[in-house]
Amino acid sequence: MREYSSVCSLILAVLILWLPLNGVYGGNPYRYYTWKITYGDIYPLGVKQRAILINGQFPGPQIDCVTNDNLIINVYNYLNEPFLLSWNGLQQRRNSWQDGVYGTTCPIPPRKNFTYMLQAKDQIGSYFYFPSLRMHKAAGGYGAIRIYSRPLIPVPFAPPARDFTVLAGDWSKRSYRQLEYILDSGHNLPLPDGLLINGRGWNGYTFTVDPGRTYRFRISNVGIATSINFRIQGHKLKLVEVEGSHTVQSTFTNLDIHLGQSYSVLVTADQQPKDYYVVVSSRFTSRVLTTTAVLHYSNSFTRVSGPPPGGPTTQINWSLFQGRSLRRNLSASGPRPNPQGSYHYGMIKPARTIMLANSAPYINGKQRYAVNGVSFVNPDTPLKLADYFKIGGVFNLGSIPDSPRWGSAYLATSVMDANYRSFVEIVFQNWEDTVQSWHIDGYSFFVVGMDGGQWTEASRTRYNLRDTVARCTVQVYPRSWTAIYMALDNVGMWNIRSEDWARQYLGQQFYLRVYTSTNSYRDELPIPKNALLCGRARGRHTRPL
């Protein structure tokens, strides 16, 4: 009996060790998912199209979880090509291995599977997942992620009657392979053919509400090319959350949502009982695209009719004013019980300023996009694996400067180095005539300022150093700048990219290597035992546990 007890104790000890080493944490609940990735026919704009489905669905299954939950997602790839999912907004604390972009994670080969082991560590809010390889994002394969506060953490608004998801964005009738061909030929993509709401076209989706009750709408722009404007006919939108930040509860009649961004609004069904348009329209496009869903009062017998209400179209200043008006609710709790305002980001002096300028050069006679004159090209081996196994020749640190350089743009696998626990200022400078949308994996950053013209050191006098929102995706208006503060508290290899997917595909991205020499599991989790190995990492070994 004593021997049996010793064996059981040993097994328990191994399990306790194994769980955190694989990026999951035994003290928090687990949620298990099995997803089958297939092709399937859909008709969102009235014509038959081949899409990427998850468990036969478009959009894919929704992930509902609570702060610190462990998410075990087993993905089976039934496509005839490699596939990879990324998690827009999940910070993957200490765990860039699971980020699901090609710089960190090997694609899942056809007829194979891979199990992601994620944790919603110290996060709340509204996000989404999407396919990150090639132009797969233009074929679907995306879905919502909703992270709720833990039961004892106060939320600064009453529980809504229901929580609605709105996955909205542009859509093309062309296949993703056709879009790739256009880009690979050195040309720009044509304007999208339409917009979708939850995978449906005009009046194809209905939100049913009861009179007098209040509902939460979580809206994400999952498109690949255009900013959108969201509005509900006859109803006000009370903003309550932006990508994990509880906001000062400002009221809007409509809301601009740029590529990759997510917002939560409260909507009260306080109008006459009938049906109303839920409208999404494109912003800053030569031809305004519009689509609608229906807000249906449960006691309504009157359908929507007539034209949907109009919204802003090309006005830049209006959108800039709205973007600058967003404020963080300093007294509200975030994922932890302490108030959001207890972190005084404005009192920390940045140790480094990085300026990132986007551009649209022609290289070798073809259209490319670049950051600080460097147009990113994918390596033959994921950067994280090359770094871990010390495989030379895959990338060079410092292959992208931390400020714009004059001269001809060039192709490179660009990686910028940064020190763990540093505090940095990043300025996105946009000299082009289009709105840019930038995303940083692994982080939430403070948007301290945005304005027109060229950023200078004097621009810091206009920074919001008290109550700006923290988020993971931010817009930069034409011929303008946006500045952020970011604490580099997450070791790993992190993608910084344009959310305009054609620009990302043609090089407007790079990786930030946040490094520490401590080699401690406290700072970064070890390589997952089940990590896929590809490129020059093929044939190597992960670890025994």
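Modeller: We can start with a pocket. This is a predicted model. By class, 21 nonpolar, 13 polar and six charged residues make up the lining of the second largest pocket.

Colleague: How large is the second largest pocket, and which residues lie nearest its centre?

Modeller: Its volume is about 760 Å³. The second largest pocket has 40 lining residues, and L189, I224, A225, T226 and D500 lie nearest its centre. Two or more lining residues come from each of β9 (163-171), α2 (176-184), β30 (436-440) and α5 (501-505). The largest share, five residues, is from β9.

Colleague: What is the volume of the largest pocket, and what lines it?

Modeller: The largest pocket holds about 1100 Å³ of space. Its lining has 40 residues, with Q91, R93, D122, P335 and D489 nearest the centre. The elements giving two or more residues to this lining are β31 (445-452), β32 (470-471) and β34 (480-487). Of these, β34 gives the most, with three residues. The lining of the largest pocket divides into 16 nonpolar, 13 polar and eleven charged residues.

Colleague: Why is a space called a cavity rather than a pocket?

Modeller: A space is called a cavity because a 1.4 Å probe fits there but cannot get out, whereas a pocket is open. The structure holds five cavities of 30 Å³ or more. In the largest cavity there is about 70 Å³ of space. The residues that line the largest cavity are W97, Q98, T104, T105, C106, F114, L385, P528, A531 and L532. That lining has seven nonpolar, three polar and no charged residues.

Colleague: C106 is in that lining. How do you know that C106 and C534 form a disulfide?

Modeller: The rule asks for two cysteine sulfur atoms within 2.5 Å. Those of C106 and C534 are 2.1 Å apart, so the pair meets the rule. The count by this rule is one disulfide. The link of C106 and C534 is left-handed, with -90 degrees about the S-S bond.

Colleague: Are C106 and C534 buried or exposed?

Modeller: Buried means under 20% relative accessible area. C106 has 2%, so C106 is buried. C534 has 12%, so C534 counts as buried.

Colleague: Why is C65 not counted in a disulfide?

Modeller: The nearest cysteine sulfur to that of C65 belongs to C472 and is 14 Å away, and the rule asks for sulfur atoms within 2.5 Å, so C65 is in no disulfide. C65 is buried, at 1% relative accessible area. C472 is in no disulfide either, and at 3% relative accessibility C472 counts as buried.

Colleague: Which residues touch the most other members of the largest nonpolar core?

Modeller: They are W35, I63, I73, W87 and Y116, in a core of 51 residues. Strand β1 (residues 30-42) gives the most to this core, with five residues. Apart from this core lies another, of 32 residues, among them V166, I232, F252 and V267.

Colleague: What is in contact with I73, leaving aside its neighbours within four places in sequence?

Modeller: I73 is in contact with Y33, W35, I63, W87, F114, T115, Y116 and L118.

Technical notes:
Residues are numbered from 1 along each chain as its sequence is written. This is a predicted model: local features need pLDDT of at least 70, side-chain atom pairs count only at pLDDT 80 or more; totals for chains, interfaces and linings use all residues. Side-chain values use heavy atoms; hydrogens and water are left out. Buried means under 20% relative accessible area, exposed over 50%, partly exposed in between (1.4 Å probe, protein chains only). On a 1 Å grid over the protein atoms alone, a cavity is a set of points where a 1.4 Å probe fits but cannot get out, and a pocket is an open set with protein on both sides within 12 Å along at least five of seven lines; lining residues have an atom within 4 Å of a point. Grid points are joined across faces, edges and corners, and a volume is the space filled by probe spheres set on the points. Ala, Val, Leu, Ile, Met, Phe, Trp, Tyr, Cys and Pro count as nonpolar, Asp, Glu, Lys and Arg as charged, and the others, Gly among them, as polar. A nonpolar core is a set of buried Ala, Val, Leu, Ile, Met, Phe, Trp, Tyr and Cys residues joined through side-chain atoms within 4.5 Å. Helices (H or I, at least four residues) and strands (E, at least two) are DSSP runs, numbered from the N terminus. Contact means heavy atoms within 4.5 Å.
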